[in-house]
Amino acid sequence: MAKIIVACGSGVATSQTVASKINKLLSEKKIKSAVEAVDIKSLDKFIKDADVYVSIVRTKKDYHIPVINGIAFLTGMGQDKEFEKLVDAIKKADAHKVR
């Protein structure tokens with residue numbers, strides 16, 4: 001099961017909202033994954049074993065995992081495209097773990 005990290009400034013409101021929306025969308029597609037909302041200061045700690053990072057706040061670091069635009073899940077603009085990227089990243093991560 002892929003692990004998805006959603007990070008915002010405080011890890012309380014925005015990232016929780018996006019994580020909840022992603023959970024709902026994945027559930028509708030019957031895709032199992034673990035979605036966790038964290039604050040940006042804790043990102044380095046939580047991203048170590050993550051498969052996908054959903055970014056609310058831009059960071060200059062390269063985490064070597066797929067990065068999805070989390071703003072799209074807040075605004076709805078471009079959400080379908082970002083969700084498609086997320087699903088592809090989850091499938092690749094799950095396929096890699098099966099090997």
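**Contacts, helices and loops**

Tutor: The side chain of Asp51 reaches the backbone nitrogen of Lys3 at 2.8 Å. A polar contact here is a pair of N or O atoms within 3.5 Å; within protein, one must be able to donate a hydrogen and the other to accept it, and residues adjacent in sequence count only if both atoms are side-chain atoms. This is a predicted model, in which local features need pLDDT of at least 70 and side-chain atom pairs count only at pLDDT 80 or more, while totals for chains, interfaces and linings use all residues. Residues are numbered from 1 along each chain as its sequence is written, and side-chain values use heavy atoms, with hydrogens and water left out.

Student: Where is Asp51 placed?

Tutor: Asp51 sits in the loop between helix H2 (43–46) and S3. Helices (H or I, at least four residues) and strands (E, at least two) are DSSP runs, numbered from the N terminus.

Student: Is Asp51 buried or exposed?

Tutor: Asp51 counts as buried, because its relative accessibility is 14%. Buried means under 20% relative accessible area, exposed over 50%, and partly exposed in between (1.4 Å probe, protein chains only).

Student: And what does Asp51 touch?

Tutor: Not counting residues up to four places away in sequence, Asp51 touches Met1, Ala2, Lys3, Ile65, Pro66, Ala93 and Lys97. Contact means heavy atoms within 4.5 Å.

Student: Another side chain, then. What does Glu82 reach with a polar atom?

Tutor: A polar atom of the Glu82 side chain lies 3.0 Å from the backbone nitrogen of Asn69. Glu82 is in helix H4 (residues 79–98) and counts as buried, because its relative accessibility is 9%. Leaving aside neighbours within four places in sequence, Glu82 is in contact with Ile68, Asn69, Ala72 and Phe73.

Student: How many residues does H4 have, and what is its span?

Tutor: H4 has 20 residues and reaches 28 Å from its first C-alpha to its last, close to the 28 Å expected at 1.5 Å a residue. The expected span is 1.5 Å times one less than the number of residues.

Student: Which residues of H4 are buried?

Tutor: Gln79, Glu82, Phe83, Leu86, Val87, Ala89, Ile90 and Ala93 are buried in H4. They are on the same side of H4, because they cover an arc of only 165° around the axis. The arc is that of the directions from the helix axis to the C-beta atoms.

Student: Why would residues three or four places apart point the same way?

Tutor: An α-helix has 3.6 residues a turn, so residues with that spacing point the same way.

Student: What covers the buried residues of H4?

Tutor: The cover includes strand S1 (2–8), helix H1 (14–28), strand S2 (33–39), strand S3 (52–55), strand S4 (67–69) and helix H3 (71–75). On the face of H4 turned away from its buried side are the exposed residues Asp80, Lys81, Glu84, Lys91, Lys92, His96 and Val98.

Student: Now H1. Which of its residues are buried?

Tutor: In H1 the buried residues are Ser15, Val18, Ala19, Ile22, Leu25 and Leu26. Seen down the axis of H1, they fall within an arc of 130°, so they line one face of the helix. The face turned away from that buried side carries the exposed residues Lys24, Ser27 and Glu28. Among the elements covering the buried residues of H1 are S1, S2, S3, H3 and H4.

Student: In what sense do S1 and S2 pair?

Tutor: S1 and S2 pair in the parallel sense over seven bridges; two strands pair if DSSP finds at least two bridges between them. Val6 stands opposite Ala37 in S2. S1, H1 and S2 make a right-handed β-α-β unit. Right-handed means that, with the strands pointing away from the viewer, the path from the first strand over the helix to the second runs clockwise.

Student: What is phi of Lys30, the residue that follows H1?

Tutor: Phi of Lys30 is positive, near 55°, although Lys30 is not a glycine. Most residues other than glycine have a negative phi. Lys30 lies in the loop between H1 and S2 and counts as exposed, because its relative accessibility is 75%.

Student: And His64, what is its phi?

Tutor: His64 also has a positive phi, near 60°. His64 is in the loop between S3 and S4 and counts as exposed at 71% relative accessibility.
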